Amino acid sequence: MSVLVYIENWDGKLKKISFELASYATKLAESLQLPVTAISLGKVDETELGKLGNYGISKVMSDNNELYKTLDNRAIAIALAEAAAKSNASIVVMANNNLGKAVSPRLAVRMKAGLVSAVQGLPVSTEPFVVKKMVFTSKAFAHIEVKSVNKVLTLAPNSFQLIEKTVETVVEAFDAGLSAADFVTNIEATNKVTGKILLQDAEIVVSGGRGMKAAENWGQLEDLAEILGAGTACSRPVSDEGWRPHAEHVGQTGKIIAPNLYFAFGISGAIQHLGGVSSSKVIVAVNKDPEAPIFEAADYGIVGDVFKVLPQFIEAAKELKS
Amino acid sequence: MKILVLIGNVPDTTTKIKFNADNTAFDASGVQWIINPWDELALTRAMELKEAHAGKIDSIVVANVGRAITEGTLRKALAVGADEAIRIDADPLDAFYVARQLAEVAKDYELVLAGIEAADYNGAAVGGMLAELLDRKSVSAVSGIDIDNDALKISREIDGGSQTLKMDLPLLAVVQKGIAKEPRIPAMRGIMMARKKPLNVIAPVEAEALTAYNSFELPAPKAACKMIDEEQAAEVIRLLHEEAKVL
Ligand SMILES: Cc1cc2nc3c(=O)[nH]c(=O)nc-3n(C[C@H](O)[C@H](O)[C@H](O)COP(=O)(O)OP(=O)(O)OC[C@H]3O[C@@H](n4cnc5c(N)ncnc54)[C@H](O)[C@@H]3O)c2cc1C
Ligand SMILES: Nc1ncnc2c1ncn2[C@@H]1O[C@H](COP(=O)(O)O)[C@@H](O)[C@H]1O
């Protein structure tokens, strides 16, 4: 038996979560005394895959089929099931991002595996196999036992520290045996977000709520985000108003994120908003209302006007970074 | 075309979450149940499609795996406009178990809509599992759906952007935010009509659960927030650097 980890790429480059996954799978395999193998789907060159060797991955199976970039849910699930069979894996680990959420349930059925999504950290116990995950949109945690022999886990982004462990990586060609007919997702247009830090990858997130008053006031938030190398987010009414894109909406009905640092500017801190951000390690809140519930979730708070505070943050951040 | 919308029954989003004395089960006393927010949007979009493409959609059916307690939620879905409801009478043991039950009814529908995750256990699993059990195409993180002749025009979010797709039927779409603007609220007339619509209760099939919820815990209470004066805002940046060490 072994552990298989699905390493995604974006235009041939490994993502940040890939290294978190490599670290996680390496540690998980150690705790179970099993070998670990990585699987990569799509065109990624060997030097890029070799980077996984910094995080304990000594063997990578690589299927170069270009069609994986259509992100066809079923085809990717079939390929992963083939890779699991080939490497005799009983546990498959992948990211809890859009692709992981789409593929993992399909894979779980194929493998007759119990699935746990958005797992936090290593198993609480391996015998029986119990993992911890957030439930009720961050309001609680559950200990979930996976009873089946096969298991599929998705790891919440930014929830597992990178652990360096240098090994020699061997890349092995792999062919899952899929033909063009297996890829049925017809893409008409792709809109890539370029030059921006993706919200889910971001270690720091700068977020604004209705207290920002209007779309044109986001310039200062973006300035602060740029200086700090942060992603940008917003509350639901802000994206509903069209001030910011839907992809930035965090909370119960938006994205659930867990950055190291979350700035909330002019956000009241409704329970549905907190559900998406309360796992952040540090929360900074700026709100003119001292009674705003966001201060109950925050670590540092300023009762004041966002438009007075933002320029001071920007100045101080510039100084810190210079 | 017939559309099936999966309906999760979840505690109202403002519910204070509590567990039983030994923390092994959710304490549902006093809980208000609602349609899972994404399922509510999915149903809303299904209704919009039916209205916009007269004659193309024959019926919209909603389905839930749950005990009698979920009937209020199903009645609400009927009041919003679904033509018929199906309740598979079983405890929703885990995602695989639920998907196995739904597979029995879903095969007759060209389009099945599931939500991206249920607001209770946040499994993000049932939709994809059902698609695999039906051996059917699926698209996830769907933020827009429209009928385009005999096919569907779909927008989906991907990690790092968004895409528009053209997909044939049959299809299972796992939907998220953006699919409809605001959930539809039942009108008085809808509530009256819902009472007469069929709510069929069917027996479950034999299936196993692959996971079990052993115990629950609430997050540790947060330490008090450190307050800084508005005029001294720069101090926060210093503290984030020197004290919290996150900058
Ligand atoms: C089923 C359901 C799901 C939901 N899901 C989500 C979700 O996923 N995400 C989400 O965010 N919300 C969600 N909501 C909505 C949520 O309940 C709140 O309405 C929303 O979070 C409020 O957004 P806000 O804080 O930006 O706006 P408001 O509540 O209007 O708060 C604005 C805040 O800005 C402050 N302010 C105003 N001007 C200034 C100024 N100049 N300087 C400083 N502070 C200022 C005010 O004091 C106030 O606290 C959901 C609601 C429901 C019912
Ligand atoms: N008991 C259930 N009955 C019907 N549909 C369900 C049930 N549980 C989950 N679903 C559907 O599956 C989606 C994802 O739920 P989950 O995988 O539990 O997070 C929900 O948004 C619903 O559309």
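Predicted model: local features only at pLDDT ≥ 70, side-chain atom pairs only at ≥ 80, totals over all residues.
Let's start with a pair of neighbours in chain B: strand β1(B) and strand β6, which covers residues 111–115, pair in the parallel sense over three bridges.

Is β1(B) mostly covered or mostly open? Strand β1(B) runs from residue 2 to residue 6, and four of those five residues are buried.

Now zoom out to the whole of chain B. Its count of elements is six helices and 13 strands. Along the principal axes, the C-alpha trace of chain B spans about 65 × 45 × 40 Å. Of the 247 residues in chain B, 54% are buried. Chain B exposes about 10,400 Å², and carbon and sulfur atoms supply 52% of that area. What about contacts between residues that are separated along the chain? Taking the contacts in chain B with a separation of 6 or more, 72% are between residues 24 or more positions apart.

Next, turn to ligand 1. Which chains does its site belong to? Residues from chains A and B surround ligand 1, so the site is shared between chains. The shell holds 26 residues, and the closest are Lys213(A), Ser235(A), Ser268(A), Gln272(A) and Asn287(A). Sorted by class, five residues of the shell are nonpolar, 15 are polar and six are charged. Two helices of chain A, α6 (236–240) and α7 (271–277), each supply at least two residues of this shell.

A polar backbone atom of Arg210(A) is 2.7 Å from an oxygen atom of ligand 1. For Val250(A), a backbone N or O atom lies 2.9 Å from a nitrogen atom of the ligand. Ser268(A), one of the closest residues, has a polar backbone atom 2.7 Å from an oxygen atom of ligand 1. How much of the ligand does the protein cover? Taken alone, ligand 1 exposes 990 Å², and the protein buries 80% of that.

Methods
Residues numbered from 1 in each chain as written. Chains lettered and ligands numbered in written order. Heavy atoms only, no water. Buried < 20%, exposed > 50% of the residue type's maximum accessible area, 1.4 Å probe, protein only. Helix = DSSP H or I, 4+ residues; strand = E, 2+ residues; numbered from the N terminus. Pairing = 2+ DSSP bridges. Near = heavy atom within 4 Å. Polar contact = N/O pair within 3.5 Å; in protein donor to acceptor, adjacent residues only side chain to side chain. Areas by Shrake-Rupley, 256 points an atom, 1.4 Å probe, with all protein chains shown as cover. Nonpolar A, V, L, I, M, F, W, Y, C, P; charged D, E, K, R; others polar. Contact = heavy atoms within 4.5 Å.
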